[in-house]
Structures are given as C-alpha cells and as structure tokens.
Amino acid sequence: HDFIVNHLGGRDASSGIQRSTFYQRAVSSMAAIDSTLRGRIAGIQFKEMERTHFNLDWNDLRPASEFEITRIERILSELDGIRELEEDPKINTLIELVENLRKEGRKILIFSRYTDTTEEVWSKLLEKFPDLSIGRYEGSVQRIRSPMSDFPEDVTKDTIVKRLQASEIDVIVCSDAASEGLNLQSASAVINVDVPWNPARV
C-alpha cells in the first residue's frame, strides 16, 4: 500500500484512478502487476526522453524519475525471485478449481479484466490439461487448442461462439470486454478471476 501511494500515483485526489489501477492489477495476477510495473518504467523513460527532445543522457535523469525507477526495479527483482520459487498461488488455485469442475463434466468460462492475466491462465491451462479443448477469446485473439494438439488454431469469433454453444469447448478464457458476445448459458460454471471493485457488478 505505502509503495503504491508514495511511488506509483501519489496522494492527491487526481491520482486515485491510477492508484486503483495498480491495486486491481496487483490482485489480479503476478503477471499483471509485473507487466504494469515494467510499463511504468517505460512510461517514465519516455517522458524523460520527451523532456530532452529525445536527446537524453541516461545519467541525467531527474532525481524523482531515477528514484522511482530504482524502487520499481527493486520490486520487480523481488517479484522475479518469488516467481522462481513458486507459481502464482491464485493461478494454482484456479487450476485446481478447473480440475475439480471438469471431474464433474462441467463446461467452464473463465473471465479476467486483464489480458496479462488471461495470457497466464491460458498458458497454464494448455500445460496442465492437454486432453481438453481450450479456447481463448479476447479482442483480436480467438484461438482453440484441440485435445492432444501442440498448436492452437486461430479461428473466427463466430467459430468460438458456435463451438461453445455446441459444447465442443471444455474451457474458454476470455476478457470481460470480449465476453459480451458469449452466451453464458453455454457453460455450467463461470469463474471470475478478478472480483469487481464495484459491488454492483457482482
């Protein structure tokens, strides 16, 4: 909390939305906060380059920018160390839940607000469940990995929808934005990776 307030958004009211974004991505998955922190560094560096009309000497970073980058890199180093020792416990719990639901023969829809999280979930599902038909549906990405196949197939949105309705997909991972085109009744279990911060959405 202190790090986010002091170094990733500040304390003023105008920074509230930015702080909220960091909080939400941090609780979504390790992959999401990792991507966000690296993006923050890239954003600081770009602003510094703009300030010097793209003629920046990296030894001449403003102290505040240098301090923030150093702090973020320290957090990223700690996060990398944790991820080397163990996988994201939230993703592990999700995998266990999927395994139990599939033992009951249920079709599953998994949602997340963040593509970094859906990418992580998709990768783990492909690794853990080679015998399942697994779909991914978000933005410009529509793919299906057939059982025992090593390579996912790029498909159209209509194909995803039709196969889901025909119960030909065991698990599908999708973003909240893409989910508007799906019939939730096509699955018997829906998992929201991210608990909405607005209770009205639950």
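User: What do the buried residues of α5 pack against?
Analyst: They pack against β1 (108-112), α6 (115-128), β5 (171-175) and β6 (189-192). A contact here means heavy atoms within 4.5 Å. The model is predicted, so local features need pLDDT of at least 70 and side-chain atom pairs count only at pLDDT 80 or more, while totals for chains, interfaces and linings use all residues. Residues are numbered from 1 along each chain as its sequence is written, and side-chain values use heavy atoms, with hydrogens and water left out.

User: How many helices and strands does the protein chain have, and in which pattern?
Analyst: The protein chain has seven helices and six strands. Their order along the sequence is α-α-α-α-α-β-α-β-β-β-α-β-β. Both are DSSP runs numbered from the N terminus: helices are H or I with at least four residues, strands are E with at least two.

User: How do you know that the span of helix α5 agrees with its number of residues?
Analyst: The expected span is 1.5 Å times one less than the number of residues. Helix α5 (residues 89-103) has 15 residues and should span 21 Å; its end C-alpha atoms are 21 Å apart, so the two values agree. Helix α4 (residues 63-85) has 23 residues and reaches 33 Å between its first and last C-alpha, close to the 33 Å expected.

User: Which residues of α5 are buried, and what makes them one face of the helix?
Analyst: Ile 91, Leu 94, Ile 95, Val 98 and Leu 101 are buried in α5. Seen down the axis of α5, these buried residues fall within an arc of 130°, so they line one face of the helix. The arc is taken from the directions between the helix axis and the C-beta atoms. On the face turned away from the buried side, α5 carries the exposed residues Thr 93 and Lys 103.

User: Why does Lys 124 count as buried?
Analyst: Buried means under 20% relative accessible area, exposed over 50%, and partly exposed in between (1.4 Å probe, protein chains only). Lys 124 has 15% relative accessibility, so it counts as buried. Lys 124 sits in helix α6. Apart from neighbours within four places in sequence, Lys 124 is in contact with Glu 87, Ile 91 and Ile 95.

User: Which residues touch the most other members of the largest nonpolar core?
Analyst: They are Val 98, Ile 108, Ile 110 and Leu 125, in a core of 18 residues. Of this core, α5 gives the largest share, five residues. A nonpolar core is a set of buried Ala, Val, Leu, Ile, Met, Phe, Trp, Tyr and Cys residues joined through side-chain atoms within 4.5 Å. Not counting residues up to four places away in sequence, Ile 108 touches residues including Val 98, Leu 101, Val 171 and Ile 191. Another core, of 13 residues, lies apart from the largest one and includes Leu 109, Phe 111, Ile 169 and Cys 174.
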